[in-house]
Amino acid sequence: LTAIINRQSARRVSRVDRFLTFIRVFLVGLIVIGVLAFLAQQFIPDNPFARWRNPDAMGLTADQFKGLLMSGLSQGAMYGLIALGYSMVYGVLGFINFAHGEVFMAGAMTGFIASEKFNDSGLWESNFLLCLVLIVIMAISISTLMAVLMERVAYRPLRNSPRLIPLITSIGVSFFIQNAVMGLFGPASKPYPRLPEWLAKQRSILTFEIAGTKLLVLVVAAVSMLGLWYLVESTKTGKAMRAVAEDKEIAALMGINVNRTIVTTFAVGGAMAGVAGILWGLLFRSVTHMTGFLPGIKAFTAAVIGGIGNLGGAMAGGIALGSAESVAPLVILEPLGVPGVSQLKDVVAFTVLVLVLLFKPSGLFGERLSAEDRA
Amino acid sequence: MSATMSAPSSTSKAAPGLLDLDWRRIGKWGGLCAMVMVLVSLIGMPVGLERRMIIEGRLSLGYLSLVWIPLLFGYVVSKRVVLEGVETPDPSARDVFAGLCTGVLSGLGPMLLVLGIDNFNLRDPLVNWGPQLLEQLTFGRGIGFGVAAWFGICAVLGLLGSLMHVLPKDVRRVVSFVTYGLLFISILEAVISDLSEGFGLESLTDAMYAKRGGLTVKSSIILVVVIGVFSILTKGRLKGATSRYKELQGEERKRASIVLFSGVAGLCIVLPLFLGKIVNELLANVGLFLLLALGLNIVVGLAGILDLGYVAFFAVGGYTTAVLTSAESPFFTPELHFGFALIIVILMAGLTGLVIGAPVIRMRGDYLAIVTLGFGEIIRLLFMSDWLKPYFGGAQGITNVPPVDLGFAVVTGIDPRSVFYLVLVFCTLAIYVSWRLQASRLGRAWMAIREDEQVAEAMGINTVNAKLMAFVVGAMMAAVSGAVLAAKVGSVFPNSFMILVSIIILVVVIVGGMGNIAGVLVGSFVLIGVLGGPRQPGLLQEFQSYKLLIYGALLVFMMLQRPEGLVPSARRSQELHQEEFLQDAWLKGEDHDREETEAVKQPGAVSGVEGEGDPA
């Protein structure tokens, strides 16, 4: 009898499995064919395979490709910075803080308000670096405050409830913040002031042409990442954070103030999101109350790609996602003859999420979760 | 838990002097109240909602949006945590005094705001910082008056809020009946005047409501008296009736249910005949969202799968209908009849449910939520893209979806009453299906999965199949709703299917009560009917720009205070309050020797479950 049941259950499950295998094969096949077609169009443009789907394909010049890669990298660095917050909170509390994207948006919004004031007073023109430091500090403080408040008001009372309840709460928080910001500052898109010429101009590094702003984004992201790395790996606070992430009860028994450590985690994540918000503002020069939504979800995707709870992984995942999103439409979809590929950027990002979860749910670099969350 | 337990017990032992209050607590809540009032003012509610009158010339929705805050905080600050086994002091004058202090403190909020607006100009980032708000906050009578008035109002409201604990139960009942009754009648103004017109009673509503909306002062006084008397007369009867209904067994219960059901059905069929176009339109919207919410209730409420991309199925339903029936659809020229298209819609929805469900079904609950959200966005982006433009019309969507021709009647968007009847049919079907499914083998499997997936699997439930079924059934209901929407509006656009829709439906299901059909009904009538859907206005049309804010706040509030919803399903609330149930059982067990052994076992069982999680 058990054998029959086993066989039956095995057969039933296998139907879903077969479908999953089909999806896996289909997606990988799509990517391989796309890349092959791209390569064919690149090197032997007259070959029938290259002309098969997209007879008008022009291919990419080296400069175009490098440009795509650079914008992908800088955007990915931002995703990485936001992803750190998701990753740390998930590592410690085991739930997705859906409202983290709103913390990022708050940073960008603060940056807009402050930079506009500086621009009115003329300081933006005369001493840009000072302004930059000031708006970064302001954005960090507002974002940190927001993240900490969020934890105190919405998440702390739910500390021991089932996993989905804080997630639903965070969706509500996210909705609330979005619409409160819209009510406070109006729904119009808000432009950052012009950047000084010396920053915005194109620079060439190792044959890579890169706009100064994107370079700034990469540098600031790298510095923040190093700072965070130092904090988590080499200070007492970081040690406490890792301990709480591993096991809250044992950490409490070891004399660690679990509540304070959790607040610190939210604060650090919020600070990183604040920095990312400023960088977003400088790079795209426009903020609305919806700015946090898509980058937030993509940053979560980045955290999953890198392995949730894994800080280095979050950054790497962000960069991988950013480059995939900027390169894949032109390298995989365009050669297959899909028109209007730039609209499909977000589709690519979500497909990457599905792919990662299908192939390696624990992420590329392995997740680091507490014992109870791993189950 | 332990902090709230010790705080009241320690204060109860101290000598109960009037000034011997927990000042830190009062300061905290009063300050918070002031901040909330400033936030609400700056978000623009007082000014934006000013046009809608509750009582003509006395109270507008704008002021109401501020006034409830000190009332609530006064209530909260003097509330005592009641715990079994811990002595709770009786409410006394001290509590009322605490409420008063909180109210006075919260008056600081409007005061600072008034002075701030008068002296500084922060109009640049804060769009509502300006003379309009100042005018509103000072009642148009100068700053001094405004500040003094707000202190007075807040103090009185804080006092009233805390008085609710002190008043005898009967008085409390009358007061709350009168307040809610007045609000209810004022909000339902459109419905009531439509109805009275239908029955030829215009003169009554003309006397009741002022020309520019809102109750007149006279009629509100009369209403207060009438509702007050009504509440005294019906004291204890409403509860008695419901408990009597619940106690009925077998045949009698069935008969009572049939009477109740036919009464509701009769109302649903007859009432729209007397209602005007606007209210019927509203009812049709409520029906559409009710259908969606019933589907999501199966996925989230019964099976416990948090599907944030639920709107995808709504979109599939709408687009399939549009492609099959519209003459303008780019690649499928024949115009099918709606009924025939509906069959294909349901099949397509089931297929989409399987295709989206299969890859995500084994993921962790929270990953699943984000991935389904991703799918929801993907589907919308694909419908919008240039790539699929030859099939779905891109950003312009598909227009010219024909109305539903039923032979004896034509259902079009121009005649919302017909849409309502069509939706009513589908809703009834959906309610019947959900109700039958709930008690079926599949429904019980879903609930078992919701409670504990691993245990359910160990009990021999094929969790993958059961969850997929939930996806498919939910998808079908959403798709039918989408199909009706397409026929009603006459066109489909990708932007009608934003993620926003999923989240609003989630709020409806959660506020109403997850896993409970009655809860979902209440949720969609209250939320969609009063506040409105993502694009559709509700009874309070002025809320259009604030409703999403309110939805967000409601979601957080419900999750923190009442996760089982307004109309909880008994089983779900037991799951959510497991600890409290066990604690109660334990406390009861202390009194009885026989139950003692059991009671000791129960907390042991809980820690055992937690302990098992650790090594795994």
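Two residues are in contact when heavy atoms of theirs come within 4.5 Å of each other. Keep that in mind for the views below, which come from a predicted model.

View 1. Let's start in helix H6 of chain A (residues 128-155), where Tyr155(A) lies. Is Tyr155(A) buried or exposed? Tyr155(A) counts as buried, because its relative accessibility is 2% and the cut-off for buried is under 20%. Not counting residues up to four places away in sequence, Tyr155(A) touches Phe95(A), Asn97(A), Ala99(A), Met150(A), Pro166(A), Ser170(A), Val173(A) and Phe266(A). With Asn97(A) there is also a polar contact from side chain to side chain, at 2.7 Å. Look at Ile165(A) too: ten residues separate it from Tyr155(A) along the chain, and the two C-alpha atoms are 9.5 Å apart.

**View 2. Gln178(A) in helix H7.** Helix H7 of chain A covers residues 164-185, and Gln178(A) is part of it. With a relative accessibility of 5%, Gln178(A) counts as buried. Which residues is Gln178(A) in contact with, leaving aside its neighbours within four places in sequence? They are Glu102(A), Met105(A), His289(A), Met290(A) and Phe293(A).

**View 3. The bend in helix H14 of chain A.** Follow this helix from residue 311 to residue 333. Where does H14(A) bend? The bend, of about 45°, is at Val327(A), and the proline Pro329(A) follows within four residues. At the start of H14(A), you can find a side-chain oxygen of Asn310(A) within 3.5 Å of the backbone nitrogen of Gly312(A). H14(A) is mostly covered, with 17 of its 23 residues buried.

**View 4. Two loop residues with positive phi.** Most residues other than glycine have a negative phi. Arg285(A), which is not a glycine, has a positive phi near 55°. Look for Arg285(A) in the loop between helix H12 (258-284) and strand E4 (286-287) of chain A; its relative accessible area of 30% makes it partly exposed. In chain B, Asn400(B) has a positive phi of about 65°. The loop that holds Asn400(B) runs between helix H19 (389-392) and strand E3 (404-405), and Asn400(B) is partly exposed at 48% relative accessibility.

**View 5. The largest nonpolar core and Leu506(B).** This core has 259 residues, and those with the most contacts inside it are Leu81(A), Trp446(B), Ile505(B), Leu506(B) and Tyr551(B). Helix H15 of chain B (residues 277-302) gives the most to this core, with 17 residues. Zoom in on Leu506(B): leaving aside neighbours within four places in sequence, its contacts are Ile168(A), Ile171(A), Leu296(B), Val300(B), Leu306(B) and Leu308(B). Apart from this core lies another, of eight residues, including Val178(B), Leu182(B), Met208(B) and Ile227(B).

**View 6. Where chain B meets chain A.** How many residues are in contact here? The answer is 57 residues of chain B with 60 residues of chain A. About 5100 Å² of area is buried between the two chains, and carbon and sulfur atoms give 76% of that. On the chain B side, Arg364(B), Tyr367(B) and Ile370(B) supply 12% of the area that chain B buries against chain A, more than any other three residues.

Definitions and conventions. Residues numbered from 1 in each chain as written. Chains lettered and ligands numbered in written order. Predicted model: local features only at pLDDT ≥ 70, side-chain atom pairs only at ≥ 80, totals over all residues. Heavy atoms only, no water. Buried < 20%, exposed > 50% of the residue type's maximum accessible area, 1.4 Å probe, protein only. Expected span 1.5 Å × (residues − 1). Bend = angle between axes of the 7 residues up to and from the residue. Polar contact = N/O pair within 3.5 Å; in protein donor to acceptor, adjacent residues only side chain to side chain. Core = buried A, V, L, I, M, F, W, Y, C linked by side-chain atoms within 4.5 Å. Buried area = accessible area lost by both parts, 1.4 Å probe.
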